[in-house]
Structures are given as structure tokens and as C-alpha cells.
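Take a moment to look over the model below. Then follow the text through it, one part at a time.

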Amino acid sequence: MNIVLLTPGTGSYHCGVCMRDNALAKELHRQGHNALMLPMYLPLTLDEDAASPETPIFFGGVSTYLREKFPWLRHMPRWLDRLLSQRVLLKLLAGKAAAKTGGPDVAEMTLSMLRGEQGNQAGEIEELISWLREHAKPDVIWLSTALQAGLTRRLKAELRVPVLGFLQGEDAFIDGLGAPWSERVWKLLGERMHDADRWVAPSRYFAELMADRIAWSADDRRKQMQVVPNGISLAGYGSPPPGIAAERGPVIGYLARFIPAKGIGLLVEAFIVLKKRGRFPQTRLHCAGSMTEGDARYVETLKSRLAAEGVDRDVAWQPNVSKEEKIAFLESLTVFSVPALYGEAFGMYVVEALAAGVPVVLPRTAAFPEIVEASGGGRLFEPGANETENAERLADALESLLAAPEEARALGAQGRAAVEREYTITRLAERLVATTREMIDAPPSGH
């Protein structure tokens, strides 16, 4: 089967969705499919070799922005578009782009992309179609996010193939645009998502949230929405799972982007609470994950906070790690926590920690209860009424596992077994291929 994955790149920091798509493309190759991963907007920043390293970047971030801002550039010659979409130029500008996730400019461009053939990037859609027709000849197209739904109508009309899309936490981005932009985006998104044959959500929580936000009927949800949990490659992970690192002193770990929304500030406060209690004085906090220039400024405030409490020497920071470094980091931990309270659609980092045999401690919010209850790989804590209460409750949950190392090992082992059973990239690819074959064999949907 010829499968094309269209994946927006970040250009400057590791993106969990990009890395998942890259691992998925490699697994599809292994299973005998021709999977082509095409980056959009900015180059992909990955923690391993790219599955499709020589493919061009479509909707280059610079030319897409210029087309939006200046009407006379909407028909720029192809040579100029190629020049503006050079990887070197896009990477140079990617750091600034990463920090700009809201405001009128971003909102207008989001709406324009959702308008698809009626938007200001209509010419770029035709260029993509022409390239796919000549070089890829896809049997199906997979979209990495619902924010690409505006492409679907023309792709289906011209290439005559089904389109499957993934849901990946779009609500946080859309709501971050602010009123009145977010309302306009939600309305248009609900209309444009009907153009695709299927939307795959990584959790029941997020499937229902998105269906509610776009005001889909029960019939729409049944026909066009499906839940398929994310998966990871287990290559490089120890088997059987390694022993918990309690013998070298307890280590609490964090692996996600260094931003407030992921809860790293909350974890720092909980760590301070733990250290002040004095029950486990040798406990350390190790933090790894993606970090942009803007994120680095936030991390400096956290380091100052830790220094003010006299515990900064017990905290280590590892930004932008490779896959090998990430696995070694996870396998050195006693317990893992990314206490995101904003409404995580899945949390790939949870499965990565469980794959390393490390128990997780997470808030009872969003998709976390589904993963923890299905895997048996950790504990949940109830969020409090304020930041201080959140920190105390997280500290309580972490402390209870530090006090029960045998139980922590058992939870980690259960989590590892669950990953092998349900959350591998092989299992994800098999499920998606089965869904795709159903779409190909089904009669035209008519929407």
C-alpha cells in the first residue's frame, strides 16, 4: 500500500507527534508498505534518522506567511517558493516561529489553511497535488492533525483516495488563539473535518472532547471518529524491564517540553515540598525534554526557584535529547511524572516511561486515567483547588511510591507488559492499516 503522511514540522524542537509519525513510517516500511512522510511548514526535528529524508517541504513557513500577509505574493513563481522553503532558512527562523503560537497573524493563517482551496494557500495545495500525482501515487493520505483538514477536499477530488486524519491536542492551540478567533476556527474546523473519511483520536477522552467542541452529532461520531491509542517503538529499550533505580538513590523524572502547560513548574514545587519534609533526603529530580530559546528563559526561573530553596544541586536538566539518551534517562529513574493539568490528549511520554519499566504518577485529568487504569503502571492524584494544594498532593503521591520500592517495581513491570501488549508502534500500524483497508474497500462516503 502506498501511504503518504503529511506532518507539520517544528523546525527547532522535538515534537512528539513528529517523532510518532516518523516511527510509524519506519514501521510501515518494515511491514512491507511504501510510506512517505512529507513535512509541512518547517523541517522535522527528530530524535532519530528521518524515514523520508529527501522529501521536499510543502507549505514552507516563510512563503505561506507571506502569501497570507501580501495578496500580490499569492501567485509567487515556483522558483521563489523553493528558495524561501530551503531547510537552512526555515531552521534559522524556526525558533522565533515556535514562540509565536497565538495572535491575529497565526489565527488568520489557521483559518486560511482550513479554508483549503478557498484560502490564500490554494496554489500550494495544487503544487502538493501535482507532486503527489507524479512522485507518490498514494492509495491513502494520512493527515497528522485536524488543522490540516482544509487540504482534504481537493486531495480527495483530484487523487481519488481516502483521507484519514489524526487528532492530537488541537484544542489547546485553538483556544490559545483567543476570542473571537478561536470560535471562528472551531466552527470552520467542524465543517471541514467532514471532508475526511475517518478521524483517529488517541483516547476516548479526546474523541469526545473534540466531537463536543465541533458540535458533531452522535451519527457523525459513529461514522467518522475512532479511538486508536498511540504507540512507540521498543527498539533500544531493555527487556526485561530494568530494575528501579532506588539502589542509587531515588530519582524522580520528567520528560516533556519545558513549558508551564506540561506541569514542570508544578513538579518543581512538589520536589521542593518533598525535600523540605526530609523523609527521603537523597531524592533527586532529573528533567529531560524539548527546549526552545523561549523555553530556556522559563527554565531559568525554575532554576532560580530551586536555588532559593537550596535544592538546585539535586536537580539535573537535559534538553533536546536523542532517542538513545532519552531511553538511558528513563531507565535511570525511580518514578516518573509529567503533571500536565491542561487536558492532555494522550501523553506519549507516559508510554515511554512505562516501556522503561518506570511507574508513573499523574493527575486524574484528561487521558491519563485511561492509560494508567488500562496499564496498571502507576498512580493518579486528585488535583487540588490551587497551586499549593496541587504541589502537596503530587508530593504525597510521589512520596508514597518512594516509600514502597517493591510496589513501585511491580507497577513498572505491569506498565512495561501493557506497552508490549497495547502501545507498540507495530500494534498502532496494524490498527491503522486495517482501518485504511476498510476505507479503501468502502463505497464513496458522499460527504
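Predicted model: local features only at pLDDT ≥ 70, side-chain atom pairs only at ≥ 80, totals over all residues.

Strand β3 covers residues 140-143, and strand β4 covers residues 163-166. These two strands pair in the parallel sense, over 3 bridges. In this pairing, W142 stands opposite L164 of β4. What lies between the two strands?

Look next at the side chains of β4. In a regular strand, side chains alternate between the two faces of the sheet. V163 and G165 point one way from β4, while L164 and F166 point the other way. All four are buried.

Now for the rings. How many aromatic pairs does a search of the whole structure find? The search finds 7. One of them joins W142 and F166, with 6.0 Å from centre to centre and 90 degrees between the planes, an edge-to-face arrangement. The pair links distant parts of the chain, as W142 in β3 and F166 in β4 are 24 residues apart. Are these two residues buried or exposed? Buried means under 20% relative accessible area. W142 has 0%, so W142 is buried. F166 has 2%, so F166 is buried too.

Another pair is made by F258 and W317. Their ring centres are 5.6 Å apart and their planes stand at 90 degrees, so this pair is edge-to-face. It too links distant parts of the chain: F258 lies in the loop between β7 and α12, W317 lies in strand β9, and 59 residues separate them. F258 is buried, at 1% relative accessible area.

Return to F166 for one more contact. The charged end of R20 sits over the ring of F166, 4.5 Å from the ring centre.

Finish with helix α10, residues 204-213. Which of its residues are buried? They are F206, A207, L209, M210 and A211. An α-helix has 3.6 residues a turn, so residues three or four places apart point the same way. The buried residues of α10 pack against helices α8, α9 and α11, and against strands β5 and β6. Just after α10, A215 takes a positive phi of about 60 degrees.

Conventions:
Residues numbered from 1 in each chain as written. Heavy atoms only, no water. Buried < 20%, exposed > 50% of the residue type's maximum accessible area, 1.4 Å probe, protein only. Contact = heavy atoms within 4.5 Å. Phe/Tyr/Trp six-rings, centres within 6.5 Å; stacked < 30°, edge-to-face > 60°. Lys NZ or Arg CZ within 6 Å of the ring centre and 35° of its normal. Pairing = 2+ DSSP bridges.
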